[in-house]
Amino acid sequence: MNAEGLVEVVLPGKVEPEGLQIRHGVVPAAGPGQVLIRMEATGVSFAEQQMRRGRYYDQPAFPFVPGYDLVGTVLATGQGVEPGMVGIRVAALVKVGGWASHMLVDAADVVPVPDGIGAAEAETLVVNGVTAWQMLHRKARVRAGQTVVVHGANGGVGSVLVQLAQAAGAHVIGTASARHHDALRARGVVPVDYRTDDVAARIRELAPDGVNAVFDHVGGRGIVDSWRLLAPGGTLVSYGSASTRDDEGSKQWPVLKLLFRVWTWNALPNRRRAYFFNVWAGRALARNRFRARLRADLTQVFAAYQRGEVTAQIAAQLPLTRVADALRLAESGTVAGKVVLNP
């Protein structure tokens, strides 16, 4: 069926980026309920940076193929799948397995990419877009006229969050290092330098009555400052523990500590809410509901892109075989947007 072979990137254990291995094999056949996707774009997420250190909360046992999401064209369908899907460009959120030239995915888990959106552009919006949309609209329920703080406003999720918040009519304060401030200002964001400023004090100056929402991917001790910035009725959404990326020791502990803090705060009668956001929440218990929500939300993000409310920030595009360079670049902290891998 396929003259081309399978190319995939294997993470063999805790390795430096150069330790990733390229494996060649046979393109698999689609089973019942599955589609075979020829990958056109996948990307480097924060998840893979944690996985290669063995620090991602529920990563599989080594060795495995990383790759959190992908965009590609359906090459073949399995039994029980609409054959008309062949030839359609789709996106899929998979957690692992995306760093491959071909991948099998359940047909129910793919979301069609509208015509006119390129594969690399769409790829920048899958995990980052769904994460940002759900945190903004399903958790914080941000409305026009509100003020929100986005930590890491130039990052993968952060940059999409900023744009979606502005599209919703919110005022945005964004933390970033100084070199990103001009770009943020040009977008109408009030920048705060997280390296030199006393961030909490500076944000209090800008919003003396508190803010309506804080989106925090850093975790660690700074999460307490984020909580204290909230106005009554405000929402803190924590979605990671970047501050512990390079730590040794238990990978569960930073997350459990965050969860405990969130639980304690929510138990207090203070009219504020805290959430620890995980894009996979609810999947194990209510798979169909999870799929419907993912499809609805990613479709909304693609529509926002088509309206010009969200831009696709591609930091660089590299071939799959140069994955070590791609990972180094993504981890360098010097790029804005997403590092995309092509076949």
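Trp227 and Trp265 are both buried. In this predicted model, the rings of these two residues form a stacked aromatic pair, with 4.7 Å from centre to centre and 0° between the planes. Trp227 belongs to helix H7 (residues 222-228) and Trp265 to helix H8 (residues 252-267), so the pair ties together parts that are 38 residues apart in sequence. A search of the whole structure finds 6 aromatic pairs.

Another aromatic pair is formed by Phe260 and Trp263: the ring centres are 6.2 Å apart and the planes lie at 25°, so the pair is stacked. Phe260 and Trp263 both belong to helix H8, where 3 residues, about one turn of the helix, separate them. In contrast to the buried Trp227 and Trp265, Phe260 and Trp263 are both exposed. Elsewhere, one aromatic cluster is made up of Tyr56, Tyr68, Trp280 and Phe290.

Strand pairing was examined next. Strands of a sheet pair through backbone hydrogen bonds, in either a parallel or an antiparallel manner. In this model, 6 strands form an open sheet with parallel pairing, in the order S10-S9-S8-S11-S12-S13. Its edge strands are S10 (190-193) and S13 (273-276), each of which pairs on one side only. From one strand to the next, the twist averages 15°. Strand S12 (residues 230-238) runs parallel to S13, and 4 bridges join the two. Thr235 stands opposite Arg273, a residue of S13.

Helices pack on this sheet. Helix H4 (residues 156-167) touches strand S8 (147-150), strand S9 (171-176) and strand S11 (211-216), and the direction of H4 makes about 170° with that of S8. Helix H8 lies across S12 and S13, running at about 155° to S13. Helix H8 is also the element that holds Phe260 and Trp263.

Ala200 is found in helix H6 (residues 199-206). With a relative accessibility of 8%, Ala200 counts as buried, because buried residues are those under 20% relative accessible area. When neighbours within four places in sequence are left aside, Ala200 is in contact with Asp225 and Leu229. Ala200 and Gly222 are 22 residues apart along the chain, and their C-alpha atoms are separated by 9.2 Å.

Charged side chains were then considered. Side chains of opposite charge can pair when their charged atoms come close. A search of the whole structure finds 19 salt bridges. In one of these, the side chains of Glu40 and Arg89 meet at 2.6 Å, N to O. This pair links distant parts of the chain, with Glu40 in strand S3 (residues 34-44) and Arg89 in strand S5 (residues 89-93), 49 residues apart. Glu40 is partly exposed, with a relative accessible area of 21%, and Arg89 also counts as partly exposed, at 27% relative accessibility.

A salt bridge is also formed by the side chains of Asp58 and Lys95 (2.9 Å, N to O). Asp58 has a relative accessible area of 41% and is partly exposed, whereas Lys95, at 17% relative accessibility, counts as buried.

A further salt bridge joins the side chains of Arg291 and Asp106, at 3.4 Å from N to O. Arg291 lies in helix H9 (residues 287-306) and Asp106 in strand S6, so this pair ties together parts that are 185 residues apart in sequence. Arg291 is buried, with a relative accessible area of 16%, while Asp106 counts as partly exposed at 30% relative accessibility. Finally, salt bridges that share partners join Glu16, Glu18, Arg52, Arg53, Arg328 and Glu331 into one network.

Note on methods. Residues are numbered from 1 along each chain as its sequence is written. This is a predicted model: local features need pLDDT of at least 70, side-chain atom pairs count only at pLDDT 80 or more; totals for chains, interfaces and linings use all residues. Side-chain values use heavy atoms; hydrogens and water are left out. Buried means under 20% relative accessible area, exposed over 50%, partly exposed in between (1.4 Å probe, protein chains only). Contact means heavy atoms within 4.5 Å. Rings of Phe, Tyr and Trp (its six-membered ring) pair if their centres lie within 6.5 Å; planes under 30 degrees apart count as stacked, over 60 as edge-to-face and the rest as tilted. Two strands pair if DSSP finds at least two bridges between them. Axes are lines fitted to C-alpha atoms, for helices over the stretch in contact, and angles run from 0 to 180 degrees between N-to-C directions. A salt bridge is a side-chain nitrogen of Lys or Arg within 4 Å of a carboxyl oxygen of Asp or Glu.
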